[in-house]
Amino acid sequence: MAAETLLPSAAPVRFVAEDGSRADRGGEYGEPAEARLKEAYRLMVLGRRFDVQATALTKQGRLAVYPSSAGQEACQVAAALALEANDWLFPTYRDSVALVARGLKPGEVLTLLRGDAHCGYNPVETRVAPQCTPLATQTLHAAGLAHAMQRRGEDAVALALIGDGATSEGDFHEALNFAAVFKAPVVFFVQNNRFAISVPFEKQSAAEALAYKGIGYGMRSEQVDGNDAVAVLAVLDDAVKHAREGKGPVLVEAHTYRIDAHTNADDATRYRDAGEVAKWREADPLKRLETYLKSRESLTDSEIEQFAADAEVYAQSVRDTLNAEPELDPLSLFDHVYAEPTRQLAAQRAALAAELEA
Amino acid sequence: MTTTMAQALNAALRDALKDDDRVLVFGEDVGTLGGVFRVTDGITADFGEDRCFDTPLAESGIVGFALGMAMGGFRPVVEMQFDAFAYPAFEQITSHVAKLRNRTRGALEVPMVIRVPYAGGIGGVEHHCDSSEAYYTHTPGLRVVTPGTAQDAYDLLRDAIESPDPVIFLEPKCRYWSSEEVTFTRTGAPMDRAVVRRPGKDVTLIAYGPMVATALETAEAAKDEGWDVEVVDLRSLSPFDDETVTASVRRTGRAVVVHEAAGFGGYGAEVVARVTEQCFHQLHAPVLRVTGLDIPYPAPKLERHMLPDVDRILDTIARLQWDDTPVVAGA
Ligand SMILES: Cc1ncc(C[n+]2csc(CCOP(=O)(O)OP(=O)(O)O)c2C)c(N)n1
């Protein structure tokens, strides 16, 4: 494919300016329907509340750790909304809000971070891969699964979420290459939130935009204002459609910012200044979409109140779920290591059972 | 039919591709070329590019992509061109392939085979002769098998491809070209069982992969010394077949473990520990090891000094306290 057709827009695609007014960098993309934008708003409110609740639960020791995605709700929600029920989402540790938006129950989303199970939901039923901790490795799984679905004639797409820092890992590059060579129906969605723990983007990559990385692999690429939910949804809808139509994978970079620290255990004041954070707080994706929808009379005050109230109820259910500590069965440690327990595991299981009896 | 191990593996792949549409073969140069060791010779021509194909040159990519395809219902059999070139894929293997079933509490499984031509003895240059079994056997969730004979190459590969668990399939390169009688219907023990290759009364040699042939040769040579040597071929390194091994050692009362890999922290240490724990009262002597040296795999002209051979194994058997001479450790 000719390089020009793969190139991202010169500036990030943007439908809504920071003050909530209509911007004019939407390019070729059509604006998503009003109902979809309203649903995005509802889920962003829910996601923000979930994030605040999860962070609070770390302080009470209910969660071992929580990587907040506050400020990235437009990306989180759009990633889930762009997919059909049959499509697969490949999230990382940071993408809990995307899982909430995909419809997973609060207890299911947080079992990993609470320390109950590595994956608290059924990936086959939910079509959400386990949240991935080793960086960039999931991008290859998404490419492989997308290729498998295509070969089986399934009309499904995989979307892999990845951070800016993780794009430096070899697996990311191998995944882009494999996906492009095999024309796999997969969308790689980079949330460039400017930091990999403490390392700023400038030390991560010399590229002006990570979206430029797609072209070298022969892959269509795009960059988008990650705090503009309208734009992110428009671009991801289009990318998913492109992949679904068999036209090959797409790389999308969203320019956004991580408002909170890397996790609750991290002290972000050691590596970034308050002024920068304050500036990005102003770019709040939630406020922006709210102002925009209100100005177009697509969203009423009573709806806003209703969504906030629903989010409160949801937060309460998160607390309830997390406060009810389930009994964990130590003997389940030996389950699912192999299809059938090996003789060695059976012996160890018996030994632990005896120890528990004693 | 008289066949080489490489041909037996080729036949196993073909039969698996015929029997099960979900089986796919891919990796570096496995298509048109048929693999650098010709294990996949002619498969693309006969089964089409859909079933056996070349990928971009990236080991982590191959394994991670295969995992995704396994999630999507296929049964990939991938080739790592040489042992030490599988290391870029180590992360995918240990963090994902080995653990996906467990992480998802059984919702997803990874029925895939990672074929690794391994070990030395072929005059290969560096990075082409590593014995990497200890890295894989130390990883729960993986099955690790290695054939010592052409018949086992066929049987074990068929079993591995049908296994619902991921299998690291270690192919002893130096045995690829050895011919023997093979039947292409499965004859062997189940994949997780060791076999007694040669019965004997005085001492058990525990070997696997490239060292099975060396152990059998040693057993022949030992007759001159008046020792009747039993040879156990482990076949499955993980899980380990305690029953077959300990039954043999209880009969003979003496055991020597032989492998090419460096001894320190090596697979043989696990075998010695298990045998000692389970056969202590039947043992007439400590269980000894004959292993490669604790050095990076040497240049080809020096490799014969690294590899365990008949003489070194015989010398070790001689140290098994046939009289009251104390055994010297770590020789
Ligand atoms: C292979 C690997 N190396 C290191 C880490 C430790 N680690 C966890 S998150 C992180 C930073 C990732 O940054 P980025 O990709 O930008 O994603 P973000 O956390 O900002 O969403 C690091 C280094 C890891 N999880 N995996």
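This tour goes through a predicted model, beginning at the ligand and ending with chain B as a whole.

**Ligand surroundings.** Select the ligand and display the residues around it. The shell holds 15 residues, and the closest of them are A:Tyr93, A:Arg94, A:Gly165, A:Ala166 and A:Phe195. Coloured by class, the shell divides into 7 nonpolar, 5 polar and 3 charged residues.

At A:Asp164, an N or O atom of the side chain lies 3.0 Å from an oxygen atom of the ligand. At A:Asn193, a polar side-chain atom is 3.0 Å from an oxygen atom of the ligand. How much of the ligand's accessible area does the protein cover? On its own the ligand has 580 Å², and the protein covers 73% of that.

**Chain B, overall fold.** Now hide the ligand and select chain B in cartoon view. Chain B contains 12 helices and 14 strands. Switch to the C-alpha trace, which spans about 65 × 40 × 35 Å along its principal axes. The radius of gyration of chain B is 20 Å, in agreement with the value near 20 Å for a compact globule, because chain B has 331 residues.

**Chain B, inside and surface.** Colour chain B by relative accessibility: 63% of its 331 residues count as buried. Then show contacts with a sequence separation of 6 or more; in chain B, 82% of these join residues 24 or more positions apart.

Definitions and conventions:
Residues numbered from 1 in each chain as written. Chains lettered and ligands numbered in written order. Predicted model: local features only at pLDDT ≥ 70, side-chain atom pairs only at ≥ 80, totals over all residues. Heavy atoms only, no water. Near = heavy atom within 4 Å. Polar contact = N/O pair within 3.5 Å; in protein donor to acceptor, adjacent residues only side chain to side chain. Areas by Shrake-Rupley, 256 points an atom, 1.4 Å probe, with all protein chains shown as cover. Nonpolar A, V, L, I, M, F, W, Y, C, P; charged D, E, K, R; others polar. Helix = DSSP H or I, 4+ residues; strand = E, 2+ residues; numbered from the N terminus. Rg over C-alpha atoms; globule rule 2.2 N^0.38 Å. Buried < 20%, exposed > 50% of the residue type's maximum accessible area, 1.4 Å probe, protein only. Contact = heavy atoms within 4.5 Å.
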